Amino acid sequence: YTFQTDRKIIYDICFTRNGGAIGITDGNVIKLYSTCTKEIIGCFDNGHNKQVLSIDISDDSLLLVSGGRDSLLILWDLINQKQLRSLRYEGIITTVSFSPDNRYIAIGGSADKVFVYDINKHEVLYIFSDHTNDITSVSFSPDGRYLATSGGDKLIYIYSVQNGEMLTILTGHTNWVRSISFSLDGTRLISCGDDSRVILWKISDMKNPTIIEKSKEGFHWLLSADINEDNRTIAFGDLKGSVVIITRFLKYKMKIKYPVNRILFKPEEKINLIVAVATSGKGVML
(Lines give C-alpha, C1' and ligand atoms only; values in the text may rest on other atoms or scores of the structure.)
Protein backbone atom coordinates (compact mmCIF):
# COMPACT_ATOMS: atom_id res chain seq x y z
CA TYR A 1 0.00 0.00 0.00
CA THR A 2 1.22 3.52 -0.87
CA PHE A 3 0.05 6.41 1.30
CA GLN A 4 -1.50 9.41 -0.46
CA THR A 5 1.04 12.19 0.09
CA ASP A 6 1.51 15.44 -1.83
CA ARG A 7 5.20 14.77 -2.39
CA LYS A 8 6.73 11.64 -3.85
CA ILE A 9 10.08 12.31 -2.15
CA ILE A 10 9.68 11.47 1.55
CA TYR A 11 12.66 11.79 3.86
CA ASP A 12 11.40 10.31 7.12
CA ILE A 13 8.70 8.25 8.80
CA CYS A 14 8.00 7.12 12.36
CA PHE A 15 5.45 4.91 14.11
CA THR A 16 3.55 5.43 17.33
CA ARG A 17 4.66 2.90 19.93
CA ASN A 18 1.83 0.45 19.21
CA GLY A 19 2.11 0.87 15.44
CA GLY A 20 -1.42 2.21 15.14
CA ALA A 21 -0.31 5.37 13.37
CA ILE A 22 2.56 6.48 11.18
CA GLY A 23 4.02 9.97 10.86
CA ILE A 24 5.23 11.02 7.41
CA THR A 25 7.19 14.10 6.34
CA ASP A 26 5.50 15.67 3.33
CA GLY A 27 7.39 18.76 2.19
CA ASN A 28 7.28 21.29 5.04
CA VAL A 29 4.29 19.52 6.62
CA ILE A 30 4.04 16.39 8.80
CA LYS A 31 1.05 14.12 8.34
CA LEU A 32 -0.21 11.37 10.64
CA TYR A 33 -1.97 8.37 9.10
CA SER A 34 -3.83 5.44 10.61
CA THR A 35 -2.01 2.21 9.70
CA CYS A 36 -5.38 0.43 9.81
CA THR A 37 -7.57 2.65 7.62
CA LYS A 38 -4.64 4.43 5.83
CA GLU A 39 -6.54 7.71 6.27
CA ILE A 40 -5.04 11.01 7.48
CA ILE A 41 -5.76 11.54 11.18
CA GLY A 42 -3.50 14.55 11.79
CA CYS A 43 -1.71 17.36 9.98
CA PHE A 44 1.06 19.51 11.43
CA ASP A 45 1.62 22.64 9.35
CA ASN A 46 2.34 26.35 9.92
CA GLY A 47 5.60 25.43 11.60
CA HIS A 48 8.37 24.80 9.09
CA ASN A 49 9.02 26.99 6.06
CA LYS A 50 11.34 24.53 4.39
CA GLN A 51 11.50 20.77 3.91
CA VAL A 52 11.16 18.57 7.00
CA LEU A 53 13.91 15.93 7.02
CA SER A 54 13.40 14.11 10.32
CA ILE A 55 10.58 13.34 12.77
CA ASP A 56 9.97 11.22 15.83
CA ILE A 57 7.01 10.40 18.08
CA SER A 58 7.45 10.02 21.85
CA ASP A 59 6.90 6.60 23.42
CA ASP A 60 3.76 7.82 25.18
CA SER A 61 2.41 9.07 21.81
CA LEU A 62 1.75 12.54 23.22
CA LEU A 63 4.52 14.49 21.47
CA LEU A 64 5.93 14.85 17.97
CA VAL A 65 9.29 16.43 17.14
CA SER A 66 10.41 17.62 13.73
CA GLY A 67 13.44 19.25 12.16
CA GLY A 68 14.69 20.12 8.70
CA ARG A 69 16.25 22.57 6.27
CA ASP A 70 15.04 25.67 8.13
CA SER A 71 17.24 24.71 11.15
CA LEU A 72 14.19 24.68 13.44
CA LEU A 73 13.41 21.95 15.91
CA ILE A 74 9.68 22.05 16.61
CA LEU A 75 7.93 20.22 19.45
CA TRP A 76 4.27 19.47 18.76
CA ASP A 77 1.30 18.34 20.83
CA LEU A 78 0.43 15.16 18.93
CA ILE A 79 -3.12 14.92 20.25
CA ASN A 80 -4.19 18.53 19.69
CA GLN A 81 -1.95 19.02 16.66
CA LYS A 82 -0.51 22.31 17.84
CA GLN A 83 3.00 23.70 18.18
CA LEU A 84 4.38 23.81 21.72
CA ARG A 85 7.83 25.36 21.28
CA SER A 86 10.81 25.58 18.96
CA LEU A 87 14.60 25.58 19.15
CA ARG A 88 17.11 26.75 16.56
CA TYR A 89 19.99 24.48 15.54
CA GLU A 90 23.18 25.82 13.99
CA GLY A 91 22.72 24.07 10.63
CA ILE A 92 20.30 21.88 8.71
CA ILE A 93 18.66 19.34 11.02
CA THR A 94 19.01 15.84 9.57
CA THR A 95 18.05 13.62 12.52
CA VAL A 96 15.94 13.84 15.70
CA SER A 97 15.02 11.27 18.34
CA PHE A 98 13.10 11.13 21.64
CA SER A 99 14.56 9.35 24.64
CA PRO A 100 12.37 6.42 25.82
CA ASP A 101 11.35 8.27 29.00
CA ASN A 102 10.20 11.27 26.89
CA ARG A 103 12.56 13.63 28.80
CA TYR A 104 15.11 14.41 26.10
CA ILE A 105 15.43 14.99 22.37
CA ALA A 106 18.67 14.32 20.50
CA ILE A 107 19.30 16.55 17.48
CA GLY A 108 21.95 16.24 14.79
CA GLY A 109 22.73 17.90 11.49
CA SER A 110 25.12 19.73 9.22
CA ALA A 111 26.81 21.65 12.06
CA ASP A 112 28.72 18.47 13.02
CA LYS A 113 27.25 18.71 16.52
CA VAL A 114 24.73 16.71 18.53
CA PHE A 115 22.44 18.59 20.90
CA VAL A 116 20.62 16.83 23.74
CA TYR A 117 17.63 18.98 24.65
CA ASP A 118 15.86 18.71 28.02
CA ILE A 119 12.14 19.07 27.31
CA ASN A 120 11.00 19.92 30.84
CA LYS A 121 13.74 22.49 31.49
CA HIS A 122 13.57 23.84 27.91
CA GLU A 123 17.35 23.94 27.65
CA VAL A 124 20.21 22.16 25.90
CA LEU A 125 21.68 19.64 28.34
CA TYR A 126 24.69 18.52 26.27
CA ILE A 127 26.47 19.52 23.09
CA PHE A 128 28.65 16.75 21.63
CA SER A 129 31.26 17.99 19.13
CA ASP A 130 33.31 14.84 18.53
CA HIS A 131 32.13 14.24 14.95
CA THR A 132 34.06 16.02 12.21
CA ASN A 133 31.37 15.80 9.53
CA ASP A 134 27.58 15.91 9.20
CA ILE A 135 25.54 14.01 11.78
CA THR A 136 23.39 11.46 9.97
CA SER A 137 21.59 9.54 12.73
CA VAL A 138 20.96 9.65 16.48
CA SER A 139 19.41 6.85 18.52
CA PHE A 140 18.73 6.31 22.23
CA SER A 141 19.07 2.84 23.73
CA PRO A 142 15.72 1.32 24.82
CA ASP A 143 16.57 1.79 28.51
CA GLY A 144 17.47 5.44 27.88
CA ARG A 145 20.98 5.12 29.34
CA TYR A 146 22.90 5.60 26.10
CA LEU A 147 22.85 7.77 23.00
CA ALA A 148 24.47 6.59 19.78
CA THR A 149 25.40 9.03 17.02
CA SER A 150 26.76 8.51 13.51
CA GLY A 151 28.18 10.76 10.85
CA GLY A 152 30.00 11.41 7.64
CA ASP A 153 33.31 10.87 9.42
CA LYS A 154 32.73 7.05 9.28
CA LEU A 155 32.37 6.84 13.06
CA ILE A 156 29.73 5.92 15.62
CA TYR A 157 29.96 7.40 19.10
CA ILE A 158 28.09 6.17 22.16
CA TYR A 159 27.53 8.51 25.11
CA SER A 160 26.17 8.19 28.63
CA VAL A 161 22.90 10.13 28.93
CA GLN A 162 23.39 10.40 32.68
CA ASN A 163 26.62 12.41 32.63
CA GLY A 164 27.43 13.09 28.97
CA GLU A 165 30.58 10.94 29.02
CA MET A 166 31.69 9.46 25.72
CA LEU A 167 31.84 5.72 26.37
CA THR A 168 33.06 4.18 23.13
CA ILE A 169 33.76 4.74 19.44
CA LEU A 170 32.68 2.12 16.90
CA THR A 171 35.09 1.93 13.96
CA GLY A 172 34.25 -0.44 11.14
CA HIS A 173 32.86 1.60 8.27
CA THR A 174 35.05 3.02 5.51
CA ASN A 175 32.63 5.73 4.35
CA TRP A 176 29.70 7.74 5.67
CA VAL A 177 27.57 5.93 8.25
CA ARG A 178 23.97 6.71 7.26
CA SER A 179 21.83 4.89 9.81
CA ILE A 180 22.05 3.38 13.29
CA SER A 181 19.46 1.59 15.41
CA PHE A 182 19.47 -0.25 18.75
CA SER A 183 17.87 -3.66 19.22
CA LEU A 184 14.91 -3.74 21.59
CA ASP A 185 16.93 -5.58 24.27
CA GLY A 186 19.71 -2.96 23.98
CA THR A 187 22.50 -5.50 23.47
CA ARG A 188 22.98 -4.86 19.76
CA LEU A 189 23.27 -1.97 17.35
CA ILE A 190 22.93 -2.08 13.58
CA SER A 191 24.62 0.36 11.24
CA CYS A 192 24.89 0.84 7.49
CA GLY A 193 26.42 3.36 5.14
CA ASP A 194 27.97 4.46 1.88
CA ASP A 195 30.51 1.62 1.98
CA SER A 196 27.60 -0.80 1.24
CA ARG A 197 28.23 -2.49 4.56
CA VAL A 198 25.77 -3.59 7.22
CA ILE A 199 27.40 -4.10 10.60
CA LEU A 200 25.78 -5.72 13.61
CA TRP A 201 27.54 -4.72 16.83
CA LYS A 202 27.46 -6.39 20.24
CA ILE A 203 27.33 -3.56 22.77
CA SER A 204 26.25 -5.31 25.99
CA ASP A 205 29.69 -4.32 27.29
CA MET A 206 30.04 -0.67 26.30
CA LYS A 207 33.73 -0.61 27.14
CA ASN A 208 34.44 -3.56 24.87
CA PRO A 209 32.09 -3.56 21.84
CA THR A 210 32.58 -6.25 19.20
CA ILE A 211 31.33 -6.90 15.68
CA ILE A 212 28.90 -9.82 15.50
CA GLU A 213 28.53 -9.71 11.75
CA LYS A 214 29.73 -7.50 8.90
CA SER A 215 28.54 -7.98 5.34
CA LYS A 216 28.88 -6.08 2.09
CA GLU A 217 25.51 -5.79 0.40
CA GLY A 218 25.92 -4.86 -3.25
CA PHE A 219 27.77 -1.77 -4.46
CA HIS A 220 25.41 1.08 -3.59
CA TRP A 221 24.99 3.35 -0.60
CA LEU A 222 22.89 1.79 2.16
CA LEU A 223 20.74 4.63 3.49
CA SER A 224 18.69 3.05 6.28
CA ALA A 225 18.60 -0.04 8.50
CA ASP A 226 16.42 -1.32 11.33
CA ILE A 227 16.20 -4.25 13.76
CA ASN A 228 12.90 -5.95 14.44
CA GLU A 229 11.58 -6.41 17.99
CA ASP A 230 12.74 -10.05 17.95
CA ASN A 231 16.31 -8.61 18.21
CA ARG A 232 17.40 -10.77 15.25
CA THR A 233 15.60 -9.85 12.03
CA ILE A 234 17.11 -6.88 10.17
CA ALA A 235 16.01 -4.76 7.22
CA PHE A 236 17.87 -2.23 5.10
CA GLY A 237 17.42 -0.24 1.92
CA ASP A 238 19.81 1.33 -0.59
CA LEU A 239 20.21 4.19 -3.03
CA LYS A 240 19.12 2.05 -6.00
CA GLY A 241 15.82 1.02 -4.43
CA SER A 242 16.60 -2.43 -3.06
CA VAL A 243 14.89 -3.50 0.17
CA VAL A 244 16.39 -6.49 1.98
CA ILE A 245 14.98 -8.34 5.01
CA ILE A 246 17.18 -10.95 6.68
CA THR A 247 15.58 -13.34 9.17
CA ARG A 248 17.21 -16.14 11.10
CA PHE A 249 16.69 -18.56 8.21
CA LEU A 250 15.81 -16.58 5.09
CA LYS A 251 16.79 -13.51 3.07
CA TYR A 252 14.15 -11.56 1.16
CA LYS A 253 15.00 -8.97 -1.48
CA MET A 254 12.59 -6.58 -3.19
CA LYS A 255 13.30 -4.01 -5.89
CA ILE A 256 11.22 -0.84 -5.63
CA LYS A 257 13.42 1.18 -8.06
CA TYR A 258 13.56 4.33 -5.93
CA PRO A 259 16.12 5.33 -3.27
CA VAL A 260 15.13 4.14 0.22
CA ASN A 261 15.48 7.06 2.64
CA ARG A 262 14.05 5.25 5.65
CA ILE A 263 12.97 1.71 6.48
CA LEU A 264 11.21 0.75 9.72
CA PHE A 265 9.63 -2.39 11.09
CA LYS A 266 6.05 -1.86 12.20
CA PRO A 267 6.06 -2.44 15.98
CA GLU A 268 4.04 -5.00 17.93
CA GLU A 269 3.63 -7.41 15.01
CA LYS A 270 4.00 -10.76 16.76
CA ILE A 271 3.83 -13.04 13.71
CA ASN A 272 3.94 -10.93 10.56
CA LEU A 273 6.92 -8.94 9.36
CA ILE A 274 5.70 -5.55 8.13
CA VAL A 275 8.02 -2.75 7.04
CA ALA A 276 7.33 0.85 6.07
CA VAL A 277 9.59 2.36 3.42
CA ALA A 278 10.06 6.08 2.69
CA THR A 279 11.42 6.67 -0.80
CA SER A 280 12.64 9.36 -3.16
CA GLY A 281 10.08 9.02 -5.95
CA LYS A 282 7.33 6.68 -4.78
CA GLY A 283 6.24 8.17 -1.45
CA VAL A 284 5.74 5.79 1.49
CA MET A 285 4.86 2.12 1.18
CA LEU A 286 3.68 -0.22 3.92
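These questions and answers go through a predicted model of one protein.

Guide: In this predicted model, local features need pLDDT of at least 70 and side-chain atom pairs count only at pLDDT 80 or more, while totals for chains, interfaces and linings use all residues. Residues are numbered from 1 along each chain as its sequence is written, and side-chain values use heavy atoms, with hydrogens and water left out.

Visitor: How many helices and how many strands are there in the protein?
Guide: Helices (H or I, at least four residues) and strands (E, at least two) are DSSP runs, numbered from the N terminus. By that rule the protein has zero helices and 27 strands.

Visitor: What is the radius of gyration of the protein?
Guide: The radius is taken over C-alpha atoms, and the globule rule is 2.2 Å times the number of residues to the power 0.38. For 286 residues a compact globule would come out near 19 Å, which agrees with the protein's value of 17 Å.

Visitor: What percentage of the residues count as buried?
Guide: Buried means under 20% relative accessible area, exposed over 50%, and partly exposed in between (1.4 Å probe, protein chains only). Of the 286 residues, the buried share is 56%.

Visitor: Which residues have the most contacts inside the largest nonpolar core?
Guide: A nonpolar core is a set of buried Ala, Val, Leu, Ile, Met, Phe, Trp, Tyr and Cys residues joined through side-chain atoms within 4.5 Å. The largest one has 15 residues, and those with the most contacts inside it are Leu73, Ile105 and Ile107.

Visitor: Which element gives the largest share of this core?
Guide: Two or more residues each come from β6 (63-68), β7 (72-77), β9 (93-98), β10 (104-109) and β11 (114-118). The largest share is three residues, and it comes from β9.

Visitor: How many residues are in the other core that lies apart from it?
Guide: This other core includes Ala148, Leu167, Val177 and Ile180. Its residues number 14.

Visitor: Is Asn228 buried or exposed?
Guide: Asn228 lies in the loop between β21 (222-227) and β22 (234-238). Contact means heavy atoms within 4.5 Å; not counting residues up to four places away in sequence, Asn228 touches Thr233, Phe265 and Leu273. Its relative accessibility is 10%, so Asn228 counts as buried.

Visitor: Which residues does Ser215 touch, not counting residues up to four places away in sequence?
Guide: Ser215 is part of strand β20 (residues 210-216). Its C-alpha atom is separated by 29 Å from that of Ala106, 109 residues apart along the chain. With sequence neighbours up to four places away left out, Ser215 touches Ser196, Arg197 and Val198.

Visitor: Is Asn46 buried or exposed?
Guide: Asn46 sits in the loop between β4 (40-44) and β5 (52-57). It has a positive phi of about 55 degrees although it is not a glycine. The relative accessible area of Asn46 is 75%, so this residue is exposed.

Visitor: What is the relative accessibility of Lys154?
Guide: Lys154 is in the loop between β14 (146-151) and β15 (155-160). Although not a glycine, Lys154 has a positive phi of about 80 degrees. Lys154 counts as partly exposed because its relative accessibility is 39%.
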